[in-house]
Amino acid sequence: MNNNSTLKTTILLFSMLTFTQMANATNGYFMSGYSVKSQGMGGVAIALPQDALVAATNPAGIVFIGNRIDLGLDYFKPDRTAQVVGNSYGGNGNFDANGRGSFLIPNFGVTKQINNVVGVGLSVYANGGMNTTYTSQIPLFSGGQGSNAGVNLQQLFIAPSIAWKFTPQQSLGISIIYAQQKFSATGLQAFDNANYTSSPGNVTDRGASISNGFGANIGWLAKLSEQWNIGLHYQTRIHGSFNEYSGLFANNGTFDIPANYGLGLSFEPTNKTTIALDIQRIEYGNSSSIANPLSNLTQLGSKLGSNGGAGFGWQSINTYKLGVAYQLLPLLTVRTGFNYNNQPIPNSQTFFNILAPGTVQKELSFGFTYNLNKTIDFSGFYSHALNQTVYGSNSIPSGFGGGEANIRLSEDYYGLGIGMKY
């Protein structure tokens, strides 16, 4: 920490890596957790500060962490496919979206205690994002011409934070979030005309579009007793807009990052065991380009890119995270967790979600931390999001030949991290 140039270089490097490596995630397109330790316990963090990246979930936790640096790197391998059946326009087929099969997702956090009651921190992390890279054209999207279908959404967060212990057992915290989004789409030539979009030429194959926005994450953490913690957090919606895709996303290319908020509890029944539960709400249903159904185009006549234009038809979801940590040996802690979320994609909305099959609902995770010495610890985790298929129901409009689109996703995560007290 005394070498400012080294710290700045580290932050810049992790920012660049995070921005170029993001992919799908478990809770829709949000990450289940933002640090190696959290992910090993199903993503719990609201009432359980374990490392410097707790600010990515609840910034009130940083004042209980001390002076600490954490670096992590996840290897992420999603498996996504789509199927079109019963289509009268010749669009039937099985489609593989694994043209790009794996991703690296780094994270970085640092905290420093200014005095006994105030702490500051900085977190650099990804929100998961979304990627499909189909290995062949999807005829109903490409119209038999142009490139293979696919989208790539990446979201990078840089969040300086401050927390204040207003009593010895309670803290308030706030992060000011800078969010940079990057998006590209290919293979959607069938929609790139005046029949379907308000801005022809700004629907597909426009390269990467960049959006910048700001928001805040506000948190509270209380130690109710030596055994019980409780926490709350609220992250605001963050505005975004992709100018190069103003004919694809509703409201002239708007793509906001939804608000999310949650409640957390942690309990230590023994000095070796910790149990934690987070309940979180993600407001996908309040972001037009994510939430508007395809019927806005096919029934109401609101063209892509217009006010009220069609989106992916996602609905807001609740997520439930349960984690357990156990000190197996004096230097070794083991973890496990389970993450469940409501299905964001209704059966009627699977057609457009061939591009964004964020279907998984259940994730199991396992992790560990080994203390190399009094100041340095080494952690790892593995998680698996169980295979989930959403079968279409009246999903392909008659104007596109009818039939059904079925979409499927499963995921594997592996992560390693190192933490240092200073």
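Tyr-196 is placed in the loop between β7 (170-186) and β8 (209-223), where strands are DSSP runs of E with at least two residues, helices are DSSP runs of H or I with at least four residues, and both are numbered from the N terminus. With a relative accessible area of 23%, Tyr-196 is partly exposed, a class that lies between buried (under 20% relative accessible area) and exposed (over 50%), with a 1.4 Å probe and protein chains only. The C-alpha atoms of Tyr-196 and Phe-30 are separated by 29 Å, and the two residues are 166 residues apart along the chain.

This is a predicted model, in which local features need pLDDT of at least 70 and side-chain atom pairs count only at pLDDT 80 or more, while totals for chains, interfaces and linings use all residues. Residues are numbered from 1 along each chain as its sequence is written, and side-chain values use heavy atoms, with hydrogens and water left out.

## A network of salt bridges

Side chains of opposite charge can pair when their charged atoms come close. The structure holds six salt bridges, a salt bridge being a side-chain nitrogen of Lys or Arg within 4 Å of a carboxyl oxygen of Asp or Glu. One of them joins the side chains of Asp-377 and Lys-37, at 3.7 Å from N to O. Because Asp-377 lies in strand β15 and Lys-37 in helix α2 (residues 36-39), this pair ties together parts that are 340 residues apart in sequence. Both Asp-377 and Lys-37 are buried.

Arg-68 forms a salt bridge with Asp-70, in which the closest N and O atoms are 2.7 Å apart, and both of these residues are buried. Asp-377 also forms a salt bridge with Arg-68, the closest N and O atoms being 2.9 Å apart. This pair links distant parts of the chain, with Asp-377 in strand β15 and Arg-68 in strand β1 (residues 68-85), 309 residues apart. Through salt bridges that share partners, Lys-37, Arg-68, Asp-70 and Asp-377 are joined into one network.

## The largest pocket

Rolling a probe the size of a water molecule over the atoms shows where empty space is left. The largest pocket holds about 770 Å³ of space. On a 1 Å grid over the protein atoms alone, a pocket is an open set of points with protein on both sides within 12 Å along at least five of seven lines, a cavity is a set of points where a 1.4 Å probe fits but cannot get out, and lining residues have an atom within 4 Å of a point. Grid points are joined across faces, edges and corners, and a volume is the space filled by probe spheres set on the points.

Of the 34 residues that line the largest pocket, Pro-49, Gln-50, Glu-268, Thr-274 and Arg-335 are the closest to its centre. The elements that give two or more residues to this lining are β9 (228-235), β10 (260-270), β11, β12, β13 (332-341), β14 (362-371) and β15 (376-390), and β12 gives the most, with three residues. By class, the lining has 10 nonpolar, 14 polar and 10 charged residues, where Ala, Val, Leu, Ile, Met, Phe, Trp, Tyr, Cys and Pro count as nonpolar, Asp, Glu, Lys and Arg as charged, and the others, Gly among them, as polar.

## Enclosed cavities

The structure holds six cavities of 30 Å³ or more. The largest cavity has about 130 Å³ of space and is lined by 17 residues, of which Phe-30, Tyr-34, Ala-56, Asn-260 and Gln-280 lie nearest its centre. Its lining has six nonpolar, 10 polar and one charged residues.

The second largest cavity has about 110 Å³ of space, and the residues of its lining divide into 11 nonpolar, no polar and no charged. Among them are Tyr-29, Met-130, Phe-183, Phe-312 and Trp-314.

Most residues other than glycine have a negative phi. Asn-251, in helix α4 (residues 250-253), has a positive phi near 60 degrees, and at 25% relative accessibility Asn-251 counts as partly exposed. Asn-394, in the loop between β15 and β16 (404-421), has a positive phi near 55 degrees, and with a relative accessible area of 69% Asn-394 is exposed.
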